[in-house]
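The sequence and the structure are shown first.

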Amino acid sequence: MPLDLGKEFNQKGAMSSETGSEEAVGSSRVIKSVFFALLLDLLGFTLILPLLPSILDHYGQTEDGVYQSLQSIVDWFREAVGVPMETKYNSVLFGGLIGSLFSLLQFVSSPLTGAASDHYGRKPLLILTTLGLMSSYAVWAVSRSFSMFLLSRVIGGICKGNVSLCTAMIADLPCPKARNKGMMMVGIAFSLGFTVGPLMGAYFAINSSKEEVFYHGPAVLALVFSAADLLFIIVMLPETLPKQNKTQVYSVTSGIQESGDLLNPVALFHFSALTRTEDPPSKEKMQNLKVLGLIYFTYLFLFSGLEFTLSFLTHQRFQFTSMQQGKMFFFMGITMALIQGGYARRIKPGHHIRTVRLAIILLIPAFALIGLAWNLKMVYIGLILYSFDHGSANQKGTVMGILRSLGALARALGPIVASSVYWIAGAETCFIISSTSFIIPLVLLRRLGGLKQE
């Protein structure tokens, strides 16, 4: 009898080991597939980053009807409020409007996409959003007017749910260790995409044929990346949401409620979705989360506005071409990668708040230097300080969803507010006011009581 029990124990141990091994192989496949799918998506998305100032200048110079009408309204408003006339700043304002519109549409569409993916699965929704992105790049490629370009950005904003869906696929993995590795690979995909993509966009813009408008090549390349992404998703990407989860976990009522919580700014700041979970946090932890959410929103609101207007500053003050903009983004990406590899990975457990505080402190002189810069050396010193700020969040589940929606809301407001200040008062004032405003999240950090890394 004892021998039989020993055999049974060994058989169960072997089965458990085989199951763990199969899960590890499956998780590894998912992580690799998500990494390549996300990288292709981000390469297509970032091609436009160094081109936006030149694209808006192009429509201003070609006397596009819609662009001229908007410019007339802006000029009338400027004259009415008594602000000195600076037509070149109008492109900054229009750029901020486009950037904020894109992020606002993401803020609205991402929770709905996520709720639908809980019912129909991650892969079908990824296919659908990628088809939408392909259509947005196709419209951009054939656009010859500002209204068509604007339409392409609207379609792109509605369909840009790939990042949240890829993150959801990583969150579906059964093992915490695999999820952590997956989130690390998502961060690497972002670093590569935002380093290489802008440089490729600039290269294809300056090497476009004389018969075509300069942004045609980058637009076609974005379409190619998106088509390759679609093919990769269909052929290689596995579904990660278990079948039983689609029928048992999801309900229409809970899906609508969850989406409503992520679309309502008041509910977001109060982390209302967490109060409806099976194991809601304690009162003290909820208070810390609310402060954390306010810090995250304030920081991203300021950061996204300055990040967006940066390319307009270098374009107008230093006459940066698209290629110079691409090289600037490449420099930022490489610097961030070196800092993340050499510094961020050595952060000890429990020291994250101290590290965040230091990163925000460095942003104040970083953006102040860029705003006051009269030569490129000052700009690049500012960019090095700026590069210390990029880290990767490691939250999961409901908290991650709330923070992602707060981030999208901040990015929807930041560009238009910062570009409006830039338009009214100029680059120096915009960057100085915004950089000193980072004192606000620093003060809020002091209110976090005993927050631990979980």
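Axes here are lines fitted to C-alpha atoms, for helices over the stretch in contact, and angles run from 0 to 180 degrees between N-to-C directions. The model under discussion is a predicted one.

Two packed helices are described by the angle between their axes and the distance between the axes. On these terms, helix H5 (residues 122-142) and helix H7 (residues 162-171) have axes that come within 10 Å and cross at roughly 160 degrees. Because angles over 145 degrees count as roughly antiparallel, H5 is roughly antiparallel to H7. Their crossing is left-handed. On the H5 side the contact is made by Arg 122, Leu 125, Leu 126, Thr 129, Thr 130 and Leu 133, and on the H7 side by Asn 162, Leu 165, Cys 166, Ala 168 and Met 169. By class, the residues of this contact are seven nonpolar, three polar and one charged.

H5 also packs against helix H6 (residues 146-159), at an angle of about 170 degrees and with the axes 8 Å apart. H5 and H6 are therefore roughly antiparallel to each other. From H5 the contact draws on Thr 129, Gly 132, Leu 133, Ser 135, Ser 136, Val 139, Trp 140 and Val 142; from H6 it draws on Met 148, Phe 149, Leu 151, Ser 152, Ile 155, Gly 156 and Cys 159. Nine of these residues are nonpolar, six are polar and none is charged.

| Helix pair | Angle between axes | Distance between axes |
|---|---|---|
| H5 and H7 | roughly 160 degrees | within 10 Å |
| H5 and H6 | about 170 degrees | 8 Å |

H7 is largely enclosed by the rest of the structure, because eight of its ten residues are buried. The buried residues are Asn 162, Ser 164, Leu 165, Cys 166, Thr 167, Ala 168, Met 169 and Ile 170.

Turning to the aromatic rings, the count comes to 25 aromatic pairs. One of them is the tilted pair of Phe 367 and Phe 431, with 6.1 Å centre to centre and 55 degrees between the planes. Phe 367 lies in helix H16 (residues 352-372) and Phe 431 in helix H19 (residues 427-436), so the pair ties together parts that are 64 residues apart in sequence. Both Phe 367 and Phe 431 are buried. Elsewhere, ring pairs link Tyr 59, Tyr 67, Phe 94, Trp 140, Phe 146, Phe 149, Phe 214 and Tyr 215 into a cluster.

Note on methods
Residues numbered from 1 in each chain as written. Predicted model: local features only at pLDDT ≥ 70, side-chain atom pairs only at ≥ 80, totals over all residues. Heavy atoms only, no water. Helix = DSSP H or I, 4+ residues; strand = E, 2+ residues; numbered from the N terminus. Parallel < 35°, antiparallel > 145°, perpendicular 65-115°, else oblique. Left-handed = near helix turned anticlockwise from the far one by under 90°. Contact = heavy atoms within 4.5 Å. Nonpolar A, V, L, I, M, F, W, Y, C, P; charged D, E, K, R; others polar. Phe/Tyr/Trp six-rings, centres within 6.5 Å; stacked < 30°, edge-to-face > 60°. Buried < 20%, exposed > 50% of the residue type's maximum accessible area, 1.4 Å probe, protein only.
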